[in-house]
Amino acid sequence: MRVLVIGSGAREHALALALSRDPGVTAVLAAPGNPGIANVAELFPVDAASAGSVVALATEQKADLVVIGPEVPLVLGVADAVRAAGIPCFGPSAAAARIEGSKAFAKDVMAAAGVRTAHSEVVDSPATIDEALDRFGPTWVVKDDGLAAGKGVVVTTDRDAARDHAVEILENGHPVLLESFLDGPEVSLFCLVDGETVVPLLPAQDHKRVGEGDTGPNTGGMGAYTPLPWLPEGSVEQIVSEVVEPVAAEMVRRGCGFSGLLYAGLAMGAEGPAVVEFNCRFGDPETQAVLALLESPLGEVLNAVA
């Protein structure tokens, strides 16, 4: 099987490395890749967000499977174009990728599926920001409603900092999502999803805040580890049954069934798991840790989903 990996980051390096260990994978190709990926794959200078370029490369290279790493090509419909060309693709449709591309859409799906998540409010005008901020706190969670590569979130006890971030998001032309603060340690659970079929991988935890002792501003993730020795037995099964399966079923009901990697970011509070966010792809940096321990042949698994 010839597998084409789309993307250029550390996550795609981890995917390419794991695919290169699969005896059923005869060639790993990457576009555009990076110098590290070049050790295990042939690189092609193709724009990952260009559906036409990705389809042309996959066709020309006779790819048996295309694996899309980053969220931007997925939200832009690159997976749809690859499938329309008759090539198996691991990655959700543009309609399903809204679970990450629009936090308001994700909240709507969770509400319909009865999944626990933070109370939230969308603000789309600077005129109403102060009034809205008064309904939250003493810890404010301020998010960019659109794609922000995991970096559009400020969690702060400083109301002025929360307001400044909200104003900056609005000035960039995006709505703001205010959320109640979810307490408890965070868990990232990657699930292979095809319609209503859900298969979890190992749970992981990444380090969000920039400073020692969980201090400082939020980041997109400063490193990750798995397995999680502190996570109570049965937690993964609970997350799958209470969170991922209901969301997957609701998306099927809406006609935008998910096929690919659904990433649930959760706070494990006293009342059980509550969703912080969903992503429509493998997470970075958790992928590097999770795939290092994967015993199943990755190409076979991704191809089965595709």
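**Close-up views of the predicted model**

**View 1. Phe-90 and Phe-282 are both buried.** Buried means under 20% relative accessible area, exposed means over 50%, and partly exposed lies in between (1.4 Å probe, protein chains only). This is a predicted model: local features need pLDDT of at least 70, side-chain atom pairs count only at pLDDT 80 or more, and totals for chains, interfaces and linings use all residues. Residues are numbered from 1 along each chain as its sequence is written, and side-chain values use heavy atoms, with hydrogens and water left out.

**View 2. Three aromatic pairs occur in the structure.** The ring centres of Phe-90 and Phe-282 are 6.1 Å apart and the planes meet at 35°, so this pair is tilted. Phe-90 sits in strand β5 (residues 89-90), while Phe-282 sits in the loop between β17 (272-279) and α10 (286-292). The two are 192 residues apart, and the pair links distant parts of the chain. Rings of Phe, Tyr and Trp (its six-membered ring) pair if their centres lie within 6.5 Å; planes under 30 degrees apart are stacked, over 60 edge-to-face, and the rest tilted. Helices (H or I, at least four residues) and strands (E, at least two) are DSSP runs, numbered from the N terminus.

**View 3. Phe-282 also pairs with Phe-190, edge-to-face.** Here the centres are 5.8 Å apart and the planes stand at 90°. Phe-190 belongs to strand β10 (residues 186-194) and Phe-282 to the loop between β17 and α10, so the pair ties together parts 92 residues apart in sequence. Both Phe-190 and Phe-282 are buried. Ring pairs link Phe-90, Phe-190, Tyr-263 and Phe-282 into a cluster.

**View 4. Arg-98 lies over the face of Phe-105.** The distance to the ring centre is 4.2 Å. A charge sits over a ring if NZ of Lys or CZ of Arg is within 6 Å of the ring centre and within 35 degrees of the ring normal.

**View 5. Helix α1 (residues 10-20) has several buried residues.** These are Arg-11, Glu-12, Ala-14, Leu-15, Ala-16, Ala-18 and Leu-19. They pack against β1 (2-7), β2 (27-32), β4 (65-68), α3 (71-75), α10 and α11 (298-305).

**View 6. The largest nonpolar core has 52 residues.** Leu-4, Val-66, Ile-99, Val-244, Val-247, Met-251 and Phe-278 touch the most other members. Helix α9 (residues 235-253) gives the most to this core: eight residues. A nonpolar core is a set of buried Ala, Val, Leu, Ile, Met, Phe, Trp, Tyr and Cys residues joined through side-chain atoms within 4.5 Å. Neighbours within four places in sequence aside, Val-244 is in contact with Cys-191, Val-193, Val-198, Ile-239, Leu-262 and Ala-264. Contact means heavy atoms within 4.5 Å. A second, separate core has 27 residues, including Ala-41, Val-67, Leu-302 and Val-305.

**View 7. Strand β16 (residues 259-269) is mostly covered.** Of its 11 residues, 10 are buried. Strands β10 and β16 run antiparallel, joined by nine bridges. Leu-192 stands opposite Leu-261 in β16. Strands β16 and β17 also run antiparallel, with seven bridges, and a hairpin of two residues joins them. Gly-269 stands opposite Gly-272 in β17. Two strands pair if DSSP finds at least two bridges between them.

**View 8. Glu-100 and Arg-281 form a salt bridge between buried residues.** The N to O distance is 2.8 Å. Glu-100 lies in helix α5 (residues 98-101) and Arg-281 in the loop between β17 and α10, 181 residues apart. A salt bridge is a side-chain nitrogen of Lys or Arg within 4 Å of a carboxyl oxygen of Asp or Glu. By this rule there are 14 salt bridges.

**View 9. Arg-254 forms a salt bridge with Asp-108.** Their closest N and O atoms are 3.0 Å apart. Arg-254 lies in the loop between α9 and β16 and Asp-108 in helix α6 (residues 103-113), so the pair ties together parts 146 residues apart in sequence. Arg-254 is partly exposed, with a relative accessible area of 31%. Asp-108 is partly exposed too, at 43%. Salt bridges link Asp-108, Glu-250, Arg-253 and Arg-254 in a network.

**View 10. Glu-121 and Arg-135 meet in a salt bridge.** The N to O distance is 2.5 Å. Glu-121 lies in strand β6 (residues 120-123) and Arg-135 in the loop between α7 (129-133) and β7 (140-144), so the pair ties together parts 14 residues apart in sequence. Arg-135 is partly exposed, at 47% relative accessibility.
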